[in-house]
Each structure stands twice: as C-alpha cells, then as structure tokens.
There are 2 protein chains.
Amino acid sequence: MKTLKYFQDYYSPQHSICFGCGSDNSSGLRIKSFWEGEESVCRFMPQPEHTAFPGIVYGGLIASLIDCHSIAAAIAAAYRSEGREMDTLPPIMYVTANLNVSYLKPTPMNTELVLRARIREVKARKTVVICSLFAGEQETAKAEVIAVRMPQL
Amino acid sequence: MKTLKYFQDYYSPQHSICFGCGSDNSSGLRIKSFWEGEESVCRFMPQPEHTAFPGIVYGGLIASLIDCHSIAAAIAAAYRSEGREMDTLPPIMYVTANLNVSYLKPTPMNTELVLRARIREVKARKTVVICSLFAGEQETAKAEVIAVRMPQL
C-alpha cells in the first residue's frame, strides 16, 4: 500500500530548510501540498502568533503560504507534464520572480485555511500560478505567482 | 532630550500584536520604521531560520517585511500630511489591499537588510507605497503596496 506523499516530501535537502515549506526547518511553517485533480491544495492552521489584529490572520503569513504553495504547484506540474514521478532525477526547481497578493477581506483566526492553486500558463522557463486562500467558504485572498525554473546544476 | 521613537512605538494595543510589526508579539519580527527625509527606512537582520535555500533569505520573510514596513510608511505619511504627531488622536490605521513583490535577485543571509519606502500616491482612502529591499548595496526585491485607510471606529 502506497502512503500519500506531499510535494514537499520530495524536495532536496537544500530545499528542505526553507522556512515556508522545508520539512527540516523546525521553526518554519512546514506546509504540505498535494493534487486534487487539477488543483494543488494545502491546508494550514494559523498559530496564535500569526496574527495581525485581534482575530485576524497576519497578511505576511498569507503571502508566505501562497508563495511556497504556488512554487510547489509549479514544480509538481512540471514533473507531471514531463510524465515523471517527483522522486526521479534530475530534480526540477522553481523560484519566485513575482508574488502579487490581493487581500479581499480579513482572514479570521481559529479557522483552517485552504489554499487552492491552478496553473495558468507554462512556458519554457516560466510558470504562472493562480492561488486562492479560503477560510471556510470565504475566499479572503487571491494571488498570481510567477515562478521561474532554475537551470539544472 | 527626546528619544527616537519608531512608527510602531505609536501603534495601538490592537495593532501591537501584529506578527510583523507589533512590539507585543514576542514570536514576531518586531520591525521598526523611521523617516530619513522622504524615505521610510527599516533595518532587519534575518535570523538563521529565515532561510529559503542555503545562504538565501526566504521570500516570504521579504514579503512580510515589505508589507508591514509599507503600511507603517502609509500611516506615518498620513499623520505628517495632516500636520499631526503620531501620538495624537484619533489614530490613523491602514491595511494592505495589494502586495506586489518582484524578487530581482537572491537575497543573501548574514547581511543586514535595509528597506526603503516612498509614498507614490495618496488619495482619500488609498495610499500607494513603493518599497525596495537592499542587502548591502544590492537591491534584491522591489514592491508596490496598496494601503487602504480604515474608517475611524
């Protein structure tokens, strides 16, 4: 029986120290992303310190979640389009060129956040990801992320 | 003799719990912003956990610093344009409507970061802030932040 692995479980040791998504960063957010059909999904529970005002989630946390989750989606989509599993070599790596977040309404604390990312466009070196953040049924933030593929080392 | 106070030293108790700029959030970044002529400036030393890859600062931290520093600039500029000190009532408060960060090059760890924000445009309810992040002499990220003034409670 195959255990569900998240995109981040395949990251290299160098990538696994990332504050947002690295499983080896014990102070970090350690987000986990997975496919749900054409959408890449991440669930995250804000911690008490992740606040902006009383009861409202900090916008910088939202930007951080969107950044790492969208990059994970770009990476996973690249493996998928090449018909490769994520544990095959050479590793595919993307970094953020632009992060554009619109805060639509306040995001409440004490609610699990769900990020849903879709690939809008793929070019040779650039992937455009659209990512929405939901608190319950409410979409509270929406973003476009331009991810750039790193040359193979 | 007057001691230098930072913009964040004037924030209300509600705002002082913010992860990015609240002096009461002991887990947070506790950034401090001040005027240098027409520029609002903030200096920040990334901590070891604020990493993306070895030697490179996490983009989500950069977005967080830019977000809180730009909002601080919008708030301070509003007091200034009204000819008011920041400890006068009623308090002026802005929140982020849009955060658009371009990552120009990798930001190195072990270097003090300097954020420099300028007011591009002020309307009745909206202030547009341009913010650059420097590591040494290098501008490694540039952003536009749309700040929206909160109605007075």
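Modeller: What follows is a set of questions and answers on symmetry, strands, core, rings and backbone.

Colleague: What should I know about the numbering and the kind of model before we start?

Modeller: Residues are numbered from 1 along each chain as its sequence is written, while chains are lettered from A and ligands numbered from 1 in the order in which they are written. Side-chain values use heavy atoms, with hydrogens and water left out, and local features need pLDDT of at least 70, side-chain atom pairs count only at pLDDT 80 or more, and totals for chains, interfaces and linings use all residues, since this is a predicted model.

Colleague: What rotation superposes chain A on chain B, and how are the two copies thus related?

Modeller: The superposition is by least squares on the C-alpha atoms of residues with pLDDT of at least 70 in both copies. Chain A is brought onto chain B with an RMSD of 0.0 Å and a shift of 0.0 Å along the axis, by a rotation of 180 degrees. The copies are thus related as by a two-fold rotation axis.

Colleague: Which residue of chain A has the C-alpha nearest the axis?

Modeller: The C-alpha in question lies 2.1 Å from the axis, and it belongs to Asn100(A).
The two copies meet through the same surface, because the share of interface residues of chain A that are also interface residues in chain B is 100%.

Colleague: How many bridges join strand β5 of chain A to strand β5 of chain B?

Modeller: Strands here are DSSP runs of E with at least two residues, helices are runs of H or I with at least four, and both are numbered from the N terminus; two strands pair if DSSP finds at least two bridges between them. In both chains β5 covers residues 94–103, and the two strands run antiparallel. The bridges between the two β5 strands number 5.

Colleague: Which residue is the bridge partner of Val95(B) in β8(B)?

Modeller: Within chain B, β5(B) is joined by 9 bridges to strand β8, residues 138–149, and the two run antiparallel. In β8(B), the partner of Val95(B) is Val148(B).

Colleague: Which residues have the most contacts inside the largest nonpolar core?

Modeller: A nonpolar core is a set of buried Ala, Val, Leu, Ile, Met, Phe, Trp, Tyr and Cys residues joined through side-chain atoms within 4.5 Å, where buried means under 20% relative accessible area, exposed over 50% and partly exposed in between, with a 1.4 Å probe and protein chains only. The largest such core has 88 residues. Ile66(B), for instance, touches residues including Leu99(B), Val101(B) and Val145(B), leaving aside those up to four places away in sequence, with contact meaning heavy atoms within 4.5 Å. Those with the most contacts inside the core are Leu65(A), Ile66(A), Leu65(B) and Ile66(B).

Colleague: How many aromatic pairs are found over all chains?

Modeller: Rings of Phe, Tyr and Trp (its six-membered ring) pair if their centres lie within 6.5 Å, and planes under 30 degrees apart count as stacked, over 60 as edge-to-face and the rest as tilted. A search of the whole structure gives a total of 6.

Colleague: Why does the tilted pair of Phe19(A) and Tyr58(B) join two chains?

Modeller: The ring centres of Phe19(A) and Tyr58(B) are 5.7 Å apart, with 40 degrees between the planes. Phe19(A) lies in the segment before β1 (33–36) of chain A and Tyr58(B) in the loop between β4 (56–57) and α1 (59–81) of chain B, so the pair joins two chains. Phe19(A) counts as buried at 14% relative accessibility, and Tyr58(B) likewise counts as buried, at 3%.

Colleague: How far is Arg80(A) from the ring centre of Trp35(A)?

Modeller: A charge sits over a ring if NZ of Lys or CZ of Arg is within 6 Å of the ring centre and within 35 degrees of the ring normal. In chain B, the charged end of Arg80(B) sits over the ring of Trp35(B), 3.8 Å from its centre. Arg80(A) lies over the face of Trp35(A), and its distance from the ring centre is 3.8 Å.

Colleague: Which peptide bond of chain A is cis?

Modeller: Most residues other than glycine have a negative phi, and most peptide bonds are trans. Pro90(A) lies in the loop between α1 and β5 of chain A. The cis bond, with omega near 0 degrees, runs from Leu89(A) to Pro90(A).

Colleague: Is Arg30(A) buried, exposed or partly exposed?

Modeller: Arg30(A) is found in the segment before β1 of chain A, and has a positive phi of about 50 degrees although it is not a glycine. With a relative accessible area of 40%, Arg30(A) is partly exposed.
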